[in-house]
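Subject: A structure for you to explore

Hi there,

Here is the structure I promised to pass on. Have a look around it first, and then read on for what turned up.

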Amino acid sequence: MRIELRKSRDETGQSQKEVADALAWSPSKLLRIENGMVGITVTDLRALLDHYGVRDRRRVEELSKLAQQSRRLTTANYGRSVPSSTISFWNLRSSSIRVRQFETLLIPGLLQTEEYAREVITAYSTPSLSDNDVDERVQARLDQQNLLDREDRPELYFMIDEAAVRRWVGGPEVMRKQLEKLKTVADQPRMTLQFVPFNAGVHGGILGPFQILEFREGEDYVLYLDDPAGGVASRDVGAETERYLTLFFDLEAIATKPREASTYLDEVLKGFDLNQNGTSTETTTT
């Protein structure tokens with residue numbers, strides 16, 4: 001895989017920096033891919049091949065399958081830096097038929113850009129966490145996004161509080177790229193993206209983020225509640241899960257409509273004035 005990608009780039013006569021700039025990637029991202037240090041999502045692979053002018057359908061499909069296989073094989077390497085409970089949850093989520101996720105302060109991990117993910121993971125890091133550990137956690141998070149490329153992926157429902165899209169994680173340029181990514185995924189099939197605006201007032205979701213995985217239609221669930229230790233996943237069809245399901249449905253009622261996602265994000269993006277000193281003339285969405 002990495003040899004093919006390096007060969008394709010060499011044939012275009014472009015440097016790693018030129019390719020990274022053209023795709024709005026960090027140069028280190030392409031370097032790690034070409035060196036075989038990390039895998040690559042199918043989405044990123046197709047963007048790279050298109051940039052190189054590789055459009056033979058059979059070849060693209062062959063490389064896409066290799067990308068999917070290589071990323072599945074890397075999951076076992078995260079045990080040293082990613083909690084086992086988190087990996088167990090990822091495995092459960094991968095096999096579910098439906099995911100409902102609510103986030104209060106941050107963009108959901110499945111939808112984060114590399115730059116945004118690195119800022120968040122670095123901010124949460126303890127002094128004992130090495131730079132290599134941070135790199136592994138960032139890569140692990142990006143690897144989970146391979147779920148979005150699967151034809152048989154679960155139905156995904158993301159509910160995001162306005163505080164998450166207004167918070168400057170990494171500064172305005174990182175946020176602009178992150179919000180543009182949200183606009184892209186909002187139009188994908190089996191994907192629903194909604195936002196709870198500030199003017200919705202106080203609501204039950206303020207208690208904290210959560211995810212609900214569904215395995216059989218209306219029957220089998222896993223409830224995942226975030227906590228400082230990395231989260232707790234518990235299989236439960238009782239009162240607690242029912243309460244969070246009801247809460248999610250209540251949030252749907254006060255959130256923006258799914259068809260309004262791109263328009264809503266455009267309004268937020270208007271608040272980012274990317275000038276040289278990084279200040280912003282942010283407006284308030286009503």
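One term before we start: two strands count as paired if DSSP finds at least two bridges between them. Please also keep in mind that this is a predicted model.

With that in hand, let's begin with the strands. Strand S1 (residues 98-103) and strand S2 run parallel and are joined by six bridges. On its other pairing, S2 meets strand S3 (residues 191-196), again in the parallel sense and over six bridges. In S3, Tyr 157 has Thr 192 as its bridge partner. Is S2 enclosed or open? Five of the seven residues of S2 (residues 155-161) are buried, so this strand is largely enclosed by the rest of the structure.

Next, the nonpolar cores. In soluble globular proteins, nonpolar side chains tend to be buried together. Here the largest nonpolar core has 40 residues. Those that touch the most other members are Leu 111, Tyr 116, Val 165, Leu 179, Leu 182, Leu 193 and Phe 195. Which helix gives the most to this core? That is helix H10 (residues 172-186), with six residues. Apart from this core lies another one, of 15 residues, including Val 19, Leu 45, Tyr 52 and Ala 67.

Leaving aside residues up to four places away in sequence, Leu 179 touches Val 165, Leu 265, Val 268, Leu 269 and Phe 272.

Finally, the charged side chains. The count of salt bridges comes to 17.

- Asp 50 and Arg 55 form a salt bridge, with their closest N and O atoms 3.2 Å apart. Asp 50 is partly exposed, at a relative accessible area of 42%, while Arg 55 counts as exposed at 58%.
- Arg 59 and Glu 62 form a salt bridge, with 2.9 Å between the closest N and O atoms. Both lie in helix H5 (residues 57-74), three residues apart, which is about one turn of the helix. Arg 59 has a relative accessible area of 25% and is partly exposed; Glu 62, at 39%, is partly exposed too.
- Arg 166 and Glu 162 meet through their side chains in a salt bridge (3.1 Å, N to O). Both belong to helix H9, four residues apart, about one turn of the helix. Are these two buried or exposed? Arg 166 is buried, and so is Glu 162.

There is also a network of salt bridges, which links Arg 98, Arg 100, Glu 155 and Glu 214.

Enjoy exploring, and write back with any questions!

Best wishes

Definitions and conventions
Residues numbered from 1 in each chain as written. Predicted model: local features only at pLDDT ≥ 70, side-chain atom pairs only at ≥ 80, totals over all residues. Heavy atoms only, no water. Core = buried A, V, L, I, M, F, W, Y, C linked by side-chain atoms within 4.5 Å. Buried < 20%, exposed > 50% of the residue type's maximum accessible area, 1.4 Å probe, protein only. Helix = DSSP H or I, 4+ residues; strand = E, 2+ residues; numbered from the N terminus. Contact = heavy atoms within 4.5 Å. Salt bridge = Lys/Arg side-chain N within 4 Å of Asp/Glu carboxyl O.
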